[in-house]
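Subject: Structure for your review

Dear colleague,

Please find the structure below, followed by a short account of what was found in it.

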Amino acid sequence: MGLEPLFQAWSYFRRRKFRECSDLCSQLLERPPGEQEPDAEYTVFQAAWSLKTRALTEMVYVDEIDMDQEGIAEMILDENAIAQVARPGTSLKLPGTSHGGGPSPAVRPVTQSGRPITGFVRPSTQSGRPSTMEQAIKTPRTALTARPITSASGRYVRLGTASMITNPDGPFINLSRLNLAKYAQKPKLAKALFEYIFHHEDDVKNALDLAALATEHAQFKDWWWKVQIGKCYYRLGLYREAEKQFKSALNQQDMVDTILYLAKVYLRLDQPVTALNLFKQGLDRFPGEVTLICGIARIYEEMNNISLSAEYYKDVLKQDNTHVEAIACIGSNHFYSDQPEIALRFYRRLLQMGVYNCQLFNNLGLCCFYAQQYDMTLSSFERALFLAENEEETADVWYNLGHVSVGIGDLNLAYQCFKLTLVNNNDYAEAYNNLAVLEMRKGHIEQARALLQTASSLAPHMYEPHFNFAILSEKVGDLQRSYTAAQKSEEAFPGHVDTQQLIKQLKQHFAML
Amino acid sequence: MSLFKARDWWSTILGEKEEFDQGCLCVADVDNSGSGQDKIIVGSYMGYLRIFNPHPVKPGDGVQPEDLLLEVQLREPVLQVEVGKFVSGTEGLHLAVLHCRKLCVYAVSGTLGNVEHGNQYQIKLIYEHNLQRTACNMTYGPFGGVKGRDLICIQSMDGMLMMFEQESYAFGRFLPGFLLPGPLAYSSRTDSFITVSSCRQVESYKYQVLAFATDADERQETEQQKHSSGKRVVVDWVLNIGEQALDICIVSFNQTVSSVFVLGERNFFCLKDNGQIRFMKKLDYSPSCFIPYCSVKEGTINTLIANHSKMLNIYQDVMLKWATQLPHVPVAVKVANLQDLKGVIVTLSDDGHLQCSYLGTDPSLFQAPRVDSREINYEEFDAEMKQLQKFIKEATKTQDILPKSEKDRDVTVTAEVSPDLDAESQAIDSEVKAEAVPSVTIKITIQSRVTAQKPILAVCVQAPLAVTCDQFFLDDLEPDSSETMVMSVFLKGNCSPSELEGNCVLSYNTSTELNPEGIPKVAQCNFRLPLRLICFPAQPSKAANHKLTIDTNKPPISFVTIFPDFVEPSEGDQANVLGFQFLTGSKTTLLASKTSQRYRIQSDQLEDLWLITKELTLRLEEHFKKQNCKDFACTFSGSIPLQEYFELIDRHFELRLNAEKFRELLSERAVQFRAIERRLLTRFKDKTPAPLQHLDTLLEGTFREV
């Protein structure tokens, strides 16, 4: 009693047992000797070949929409920028152009490019967008602060190497020997082959060639090929061309994915308002589509319009109340707008849903602390430490513990916590800053100064080290340094009242001299 | 991610190491009991056919022996089981079982016993068809609008649709452009078959069209006439969805609307009869199976979608209504009426977990594992705490972020400057215009008492002085070993240095137990270079622009004693005038007063005074220290030549400003260069080649400026 091998492979594929499926297909493919390329009308060989292609692709498939990283080269040689000085609220590049309603950096920490820290880590939230080459080069390369990636291929390369892992004895399809034109004639094979080349081999150029031939063969009537060409163009950095393809595809057939791709192109072209409009049109066509609403919320968040962003995240939750990103973002929003109790409820919800990681317990611990539930605080942090996967996470937990111990007045513990933070992550600017404040209180001026200088060189976008340095220098009478530091602090956070007062005071001093 | 888990009503595990897939589960009142109670029919790839009628005493009970109505082993794998009106002459429900090469239709019947466990069930084969081709899946329905009976359509692995009008084989048709089979469904409203082809399109074929098309069996013979006959299988409508589908369902819960639901690999589609998208939803997980089950609200349809992360999501159109956790990844899901309980969710996993469950607010019992905590014993804790505090205190004293002052170093570096200049000058590339540039040899010795890893020695002297070799990469040092390096220092730039000191730094790693890589450490030492390196004795000159007089509290010393390397001893003890000629060309004269305790330094240039003054005071101090004379002091009583000094500072400032200006210019040009590069890039990327408009000239020009 046995199943037909092809049927068995097909069933494996449907149950996402790709490894078994691919092995079975390989056996099928070995059977007919000689013939390397499937060209007969219909053969088992052809079917098995196609199935194996699909199985290998699925093994490494990552949704292209979620992949986004911008390297230095793309940012600097960005020939698509339209206006150098954008009007307020129309660009993501200038952090200051919010409509208001954004929180001040005193309440919510910001990334290097001046955006508030988001509650959910996505690929694009990690990279800042430095405005000039000089800034990009000067940016300190630390583990956690926003760092421009040196090349676009950071993530793509890793995906491409999958082929080596899965097939130690040579790739399944030898791309250089492939006659793309022949495959383009056969739409049933070509689509699977394209996905294989694009996702598994990560060979965008060949994929584009194939897609171009295929769309020609389909007389430009197949929107799917247009989307694929657009994807290739996007990878190659030809955004205007990609936009054209996606638009043309949308004209033929409304699809959620196409809308998402097009919006991604607009974001890369720094046209958030166009992307917003596109999303809103998309919502008219597909009401209640979570990914579209979520896209709107993300854009508002990046544009510093936190209140609107929260509105849209709430809409997401109305459609899909298990959406982790929305819950996390609303939670962090509540936390930073001084409602730790409500934030606590959101995070607890995440915990109940089975999110079980260090970051969540970290957040829970902080919320508990600010909601004055001290008994839960320490045990949350204990769990966070237990769950920490790498040294950066451990450093985060220790930093927060230090923060808590400052809050309860145990300065000794705080001191040790911050020290432990630095042991785990030597680039932790915030810990340097806080340690410096503690040293300052102990009267170790020299050490405090050294620490503050470290902090400000590690994270020039934070105003706290600059301000503390200004205060310190002012106390010891080094007015000149104090003034410089105060000015830096003002640059980082123009609305900081204490800095302004200090500068005023210093100016009076200088006038008196 | 869900808050709740599905409440287990009844569950069992089928067989051992059996495999199941999508078609293996069917729910129907197969024995025609008329009670409206569904039975669960499960077939496996190992050929077992089982029928269950679960009636647990209380929810969550395991399987009772009498729940299993029937278990038979068929000789071939069961690909799909369906229940319908498959036998002519009766409207009763019969069971169709699809094997690889056979279709069998059975009647299931039961005889009631006196007690419940006395009930007997058996199946009886009504008819069977042997298939020419390997079957893949099947669908059934009133094809062609027949009343009161169901016809069966089997899709083979190579793309042939085989129609069976109950006991007889009707016809077979090949689907055009076929590669791999997709899901197949029959829509009774439009009387058509809907499938998803390998071209990633939803395709609909009318039954009529299929029936009138050329017979598949004659295909080989009529290959040539196929195009002319006009009876090819023509597709009714096509919708390109751009992905493969897992399953298709066609539902019409009220008479007016019928919808085609397609579960793709990444999206979930609802189509109208004519193949337009009614709505779609992008799924952020990998779905495994689905079933649209009812319409709670007018105009909407509720759907169950299960996924590979063991979740069951319930959507009302596109809105998520409920999400629940399942104990396994289901390959098939159905909704059944069991034991007066309506809407029981029946799920089957590919390794044979069959579960009937209902939704409830049981929290998904996610238990965070306990952090290992010790029992609290306060005295012990206190003692341990104290001990730890002590450790910390010790540690902060001895090793901190800021370096400690080390008394006994593990590695020492000493530099020895040879008293004489090199016989043969080692100077290379010196810009000094003098005839001979002298050099002096420095011998650096490293003594190590521990193992020092990766030692690197760096020697630095103030520009314009230079060293022949300023970096040494050494091999790891063994304990109690020493290394000696030799290099020469000479004047490189054409100006006098501001000081004659140099230092050498040795950086190395010492490994500890915790840190095998080693802790970086540094040892350094300073050395002084002889004055002879940059100047040589010359004829003293009387006149000079700048003069400096230094008072001392001791009688003047003969230059022969303090400047032995500049004064020939033959000149006699009373030499009180000394001339220095710098390599760079300027001269300085040193005079000692015979009567008063004064020295005078004079030179044409202000900056040259410094080195000689410094040397003089240093040598005097050394001299008196040797004589154990402690109260020696040098003072300067005259007015400091501030004016000249300020002039120099002004000049220096100006130079700095200039440097800054040039740096700015450079960065400006660099920006311009990049801008031109960018424009060129756009030009080259354009499909229609535009003239460069002299951008290339501009580029070259800027490059030259840079």
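A residue is called buried when its relative accessible area is under 20%, exposed when it is over 50%, and partly exposed in between (1.4 Å probe, protein chains only). This is a predicted model, in which local features need pLDDT of at least 70, side-chain atom pairs count only at pLDDT 80 or more, and totals for chains, interfaces and linings use all residues. Residues are numbered from 1 along each chain as its sequence is written, chains are lettered from A and ligands numbered from 1 in the order in which they are written, and side-chain values use heavy atoms, with hydrogens and water left out.

In strand 20 of chain B (residues 259-264), 6 of the 6 residues are buried; strands (E, at least two residues) and helices (H or I, at least four) are DSSP runs, numbered from the N terminus. B:Ser259, B:Phe261 and B:Leu263 point one way, B:Val260, B:Val262 and B:Gly264 the other. In a regular strand the side chains alternate between the two faces of the sheet.

Strand 20 of chain B pairs antiparallel with strand 19 (residues 245-251) of chain B over 6 bridges, where pairing requires at least two DSSP bridges. B:Leu263 stands opposite B:Asp247. Strand 20 of chain B also runs antiparallel to strand 21 (residues 267-271) of chain B, with 4 bridges, and B:Phe261 has B:Cys270 as its bridge partner there. These two strands form a hairpin with 2 residues between them.

Elsewhere, B:Leu642 lies in helix 6 (residues 642-685) of chain B and is partly exposed, at 40% relative accessible area.

Yours sincerely
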